Amino acid sequence: MTEISLTVNGRAVHETVEPRLLLTDFLRHRLGLTGTHVGCEHGVCGSCTVHVDGAAVRGCCMLAVQADGSTVETVESLAGDALLSPLQDAFKRHHALQCGFCTPGILMAVVDFVDHYPDPSRAAVEDMLSGHLCRCTGYAPIVDAILDYTASTSASPSGRST
Amino acid sequence: MKPVAFDFVRAESLEEALAALAEGGEDAKPIAGGQSLVPALNMRLVRPTLLVDLNRAGLDGIEANGEVRIGATARQAAVERDPRAHPLLREALPFVGHYVTRNRGTVGGSVAHADGSAEIPVCLAALDGTIVIAGPTGRREVAPPDFFVTHYLTTLHAGELVVATVWPQAAPGEGWAFEELALRAGDYALSMVAVVLRRDGGAARDVRVVAGAVTDRPTLLVEAAAALEGVEVTAAAASAAGAAAAASVEPPGSIHASCDYLRSITATLVERAALRAWARSA
């Protein structure tokens, strides 16, 4: 067992974990942050995407012990005190989620992506989404929502509510 | 899908990492970005007794000094955005996994993992780069043909680590291009090709054509390069190079693509890459 200390969604967390515990399972089962979804558990579906030290990563392809000392943010952090962040609101307006399983991972990936590519082409957004499997909504409204969000002047650079 | 139990050491330096690997013996594994290793752990295809984490061992630096030395744990995303990295590598990196996996995946990890369908090793071979290795008995430097053996197998010895790769910087008159075809963006490639050449007057010189995915390791296609060497890269010359490339590979077919189809794709990719590399060399 290994002791780890990290910051999750602004809260200091100290836990003792087995080295083999995945970051996803740590977030969901230890911390109760079930917004991070577990799909394929081998880095293909993208539903477990969270931020570690500001970069979007696959929570299933990282061990909780590797996040020791890091700052982790999950989809629960996006809206802050608001109901929805501007990005989440764009998803709502465009009906960019149906069952919602893939949504948290896509949102976390987009926040990182837009930090680096603030004005992406439709093709660039589609390419980025290749790492996120959506099996029911369909990608067209998801792409529309992301492009609407990046085009909006009100979008905060971090994708979070300010 | 959960990994087997293992011990974990976070190495704070290269020396700590090498010592931990030596102590862990045969069943110890280093972990860098983990984008191939953790899926394999989750599926229990790999059952190490000890993981040695290299992420905080100070191996992630990128230095440019005539050539570019990329520390083993430099993230693929960081190199993709670094203007000092060779443009061939930067052109190929968007084909590596997905946007999010490149935030964690490393350049050195991809080289050490030696997947026959990996883009980074193909670029390293095309640019005649160097793999820097550290081990219990010191350091050594190896050229790609002396490193990649076959799928997932390299000439790394037990207890050794890839600590960096060294890449040339693009030279004036140099042309380069990377081409790949996969069934879907981010999937394992069906075929990939890198072409590097130098324009000397009206002719291509020092042509290197390297294929991946249709071979078990980055493979120099000597006949395809010979078809371009010393000539102007016209559509006819590029087509001849493609035909030579197709004849020199023999990929095993699969449910997705027959051997003949993979050869045909490879010919097309060589043709396109040769023409683009030539156009860039102007």
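**View 1. The two domains of chain A sit with their centres 22 Å apart, taken over C-alpha atoms.** This is a predicted model, where local features need pLDDT of at least 70, side-chain atom pairs count only at pLDDT 80 or more, and totals for chains, interfaces and linings use all residues. Residues are numbered from 1 along each chain as its sequence is written, while chains are lettered from A and ligands numbered from 1 in the order in which they are written. Chain A splits into domain 1 (2-74) and domain 2 (86-151), with bounds from an automatic or database domain assignment.

**View 2. Here's where domain 1 of chain A touches domain 2 of chain A.** On the domain 1 side, 13 residues are in contact with 11 residues of domain 2; contact here asks for C-beta atoms, placed from the backbone, within 7 Å. Strand 3 (49-52) and strand 4 (55-58) of chain A each give two or more residues to the domain 1 side, and strand 3 gives the most, with 3 residues. Helices (H or I, at least four residues) and strands (E, at least two) are DSSP runs, numbered from the N terminus.

**View 3. Helix 2 (residues 86-93) of chain A packs on helix 3 (residues 103-116) of chain A.** Their axes lie 10 Å apart, at an angle of about 130°. Axes are lines fitted to C-alpha atoms, for helices over the stretch in contact, and angles run from 0 to 180 degrees between N-to-C directions. The two helices are therefore oblique to each other: under 35 degrees would be roughly parallel, over 145 roughly antiparallel, 65 to 115 roughly perpendicular, and the rest is oblique. Look for Leu87(A), Gln88(A) and Phe91(A) in helix 2 meeting Thr103(A), Leu107(A), Val110(A) and Val111(A) in helix 3.

**View 4. Over in chain B, 5 strands make an open antiparallel sheet in the order 4-5-10-6-7.** Strands count as paired if DSSP finds at least two bridges between them. Strand 4 (62-65) and strand 7 (138-142) of chain B are at the edges with a single partner strand each, so one side of each has no neighbour in the sheet. The twist averages 20° from one strand to the next.

**View 5. Zoom in on strand 6 (residues 130-135) and strand 10 (residues 161-168) of chain B.** These two run antiparallel and are joined by 5 bridges. Ile131(B) stands opposite Thr165(B) in strand 10 of chain B.

**View 6. Finally, chain B meets chain A.** Here 26 residues of chain B are in contact with 24 residues of chain A. Strand 1 (7-10), helix 2 (37-42), strand 3 (50-53) and helix 5 (99-102) of chain B each supply at least two residues of the chain B side.

Note on methods
Two residues are in contact if their C-beta atoms, placed from the backbone, lie within 7 Å.
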